[in-house]
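Open the model in your viewer and keep the sequence panel beside it. Each stop below says what to select and then what is there.

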Amino acid sequence: MSAFLDTLLSIWQNSGFMGIANDYRYLVMLVVGCGLLYLAIVKEFEPLLLLPIAFGMILANLPGSGIIHMQYFLAPAGADPSAYPLFNEILHHGGLGDMLYLGVKLGIYPPLIFLGIGTMTDFAPLISNPKSLLLGAAAQLGIFTAYLGAKILGFTGPQAASIGIIGGADGPTAIFVTSKLAPELLGSIAVAAYSYMALVPVIQPPIMKLLTTDKERKVVMTQLRTVTKTEKIIFPIMCTIIVSLILPDSAVLVGMLMLGNLMKESGVVDRINKTAGNELMNIITIFLGISVGCTTSANTFLNLDTVKIIAMGLFAFACGTAGGVLFGKLMYVITGGKVNPLIGSAGVSAVPMAARVSQKVGQQYNPTNFLLMHAMGPNVAGVIGSAVAAGILINIFG
């Protein structure tokens, strides 16, 4: 009987319940994970990534699960990272989360996500109206404004750069930059980035209405010209070459985005185009979501820095939206009222949600207005702009 009781006691002492009893933060994180699952399933907030991220969060905060060991990836301050046998430790002692997180650590998942995005992106509105590239660039204001704000709050340069990239409203880019510059903040930044991307229809309209007049919101823009197939094929090739020569650190993201688009527009590789845009992208999305979610352990996520990151993420997103709208107002003045400033809000790279918001707000004030295709120009320009901004930040702090 004594042996039986000892066995029961041993099972209890080694159970996750004892882990939660010793550290209540695990329970808090489990509640947060369930809350994110609610948002993903019931409210449908970016469910494709928020659902696996939330479930990864739950797995990482089950005491004793051993699904991930972030100490394998984060060398102590001042230590030589090469002194830590990353692959040897993971192969012999790592869990599933460690294996999947290698794709984040080595910068594999985000470029492959960009490849899939490229197969689904139509650059015709941008090619037809090259001026919209300026709106996409202006919307990157949020990145650099939030960087300054994060520095004021006490974050290091690399950490501030990683927080600022949330303003680009591009989850894969945020993960790519953070994994290189501040991996210790990856969980907090990823959750903030995808949460605000899901809240585009809530965050943007008040800013758009605040910064524009009733007259500006009613502007009807002329129909875009038809873009030829030759232009659609030349654009991704030239964009890759020019951007990569100017900013080599952006080559991997811009290159994968343009490769996916070239596969789509060329029409000669239909099989791999469909694979990249469907099966491959879905697989990578699952791996990326779970591995990022697993980084949100209680001891790294529940702290004051996370609160600051969430606040600065909202600030970055708001500044990005405002930057695009204000530049749209400038174009409205320069063109004599031919540009509707509302399309500037689509300069953040939440494709195509931000463009749809521009369309929706525009039709509220002029039911005959159709801004969607005009907004898609700055929207896809924002994707390129966020990748370029990522290259600049990695070049400075990498």
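Select A169. With a relative accessible area of 1%, A169 is buried; buried means under 20% relative accessible area, exposed over 50%, and partly exposed in between, with a 1.4 Å probe and protein chains only. A169 is found in the loop between helix 11 (157–164) and helix 12. Helices here are DSSP runs (H or I, at least four residues), as strands are (E, at least two), numbered from the N terminus. The phi of A169 is positive, about 55 degrees, although A169 is not a glycine. Most residues other than glycine have a negative phi, and most peptide bonds are trans.

A note on the model: it is predicted, so local features need pLDDT of at least 70 and side-chain atom pairs count only at pLDDT 80 or more, while totals for chains, interfaces and linings use all residues. Residues are numbered from 1 along each chain as its sequence is written, and side-chain values use heavy atoms, with hydrogens and water left out.

Next, select E44. E44 also has a positive phi of about 55 degrees and is not a glycine. E44 lies in the loop between helix 3 (25–41) and helix 4. Is E44 buried or exposed? At 60% relative accessibility, E44 counts as exposed.

Now select V351 and P352 together. A cis peptide bond joins V351 and P352, with omega at about -10 degrees. P352 is found in the loop between helix 20 (304–334) and helix 21.

Go on to helix 21, residues 353–365. The 13 residues of helix 21, at 1.5 Å a residue, should span 18 Å, and the end C-alpha atoms are 19 Å apart, which agrees. The expected span is 1.5 Å times one less than the number of residues in the helix. Colour the buried residues of helix 21: A354, A355, V357, S358, Q359, V361 and G362. What covers these buried residues includes helix 14 (200–211), helix 15 (214–217) and helix 22 (372–397).

Next, show the largest pocket. Its volume is about 810 Å³. Of the 29 residues that line the largest pocket, E46, I117, M120, M281 and V351 are the closest to its centre. Pockets and cavities are found on a 1 Å grid over the protein atoms alone: a cavity is a set of points where a 1.4 Å probe fits but cannot get out, a pocket is an open set with protein on both sides within 12 Å along at least five of seven lines, and lining residues have an atom within 4 Å of a point. Grid points are joined across faces, edges and corners, and a volume is the space filled by probe spheres set on the points.

Which helix supplies the largest share of the lining of the largest pocket? Helix 18 does, with five residues. The helices that each supply at least two residues to this lining include helix 4 (47–60), helix 18 (270–294) and helix 21. By class, the lining of the largest pocket has 18 nonpolar, seven polar and four charged residues. Ala, Val, Leu, Ile, Met, Phe, Trp, Tyr, Cys and Pro count as nonpolar, Asp, Glu, Lys and Arg as charged, and the others, Gly among them, as polar.

The structure holds two cavities of 30 Å³ or more. Of the 11 residues that line the largest cavity, P183, E184, G187, T295 and T300 are the closest to its centre. The largest cavity holds about 60 Å³ of space. Helix 13 gives three residues, the largest share of the lining of the largest cavity. For the second largest cavity, of about 30 Å³, select N129, S132, L135, M221, M331, V339 and I343, which line it.

Last, select N261 in helix 17 (residues 251–266). At 1% relative accessibility, N261 counts as buried. The side chain of N261 reaches the backbone oxygen of T121 at 2.7 Å. Leaving aside neighbours within four places in sequence, N261 is in contact (heavy atoms within 4.5 Å) with G118, T119, T121, F123, K232 and P236. E265 lies in helix 17 as well, and E265 touches T121 and K232, among others, not counting residues up to four places away in sequence. At 11% relative accessibility, E265 counts as buried.

Methods: A polar contact is a pair of N or O atoms within 3.5 Å; within protein, one must be able to donate a hydrogen and the other to accept it, and residues adjacent in sequence count only if both atoms are side-chain atoms.
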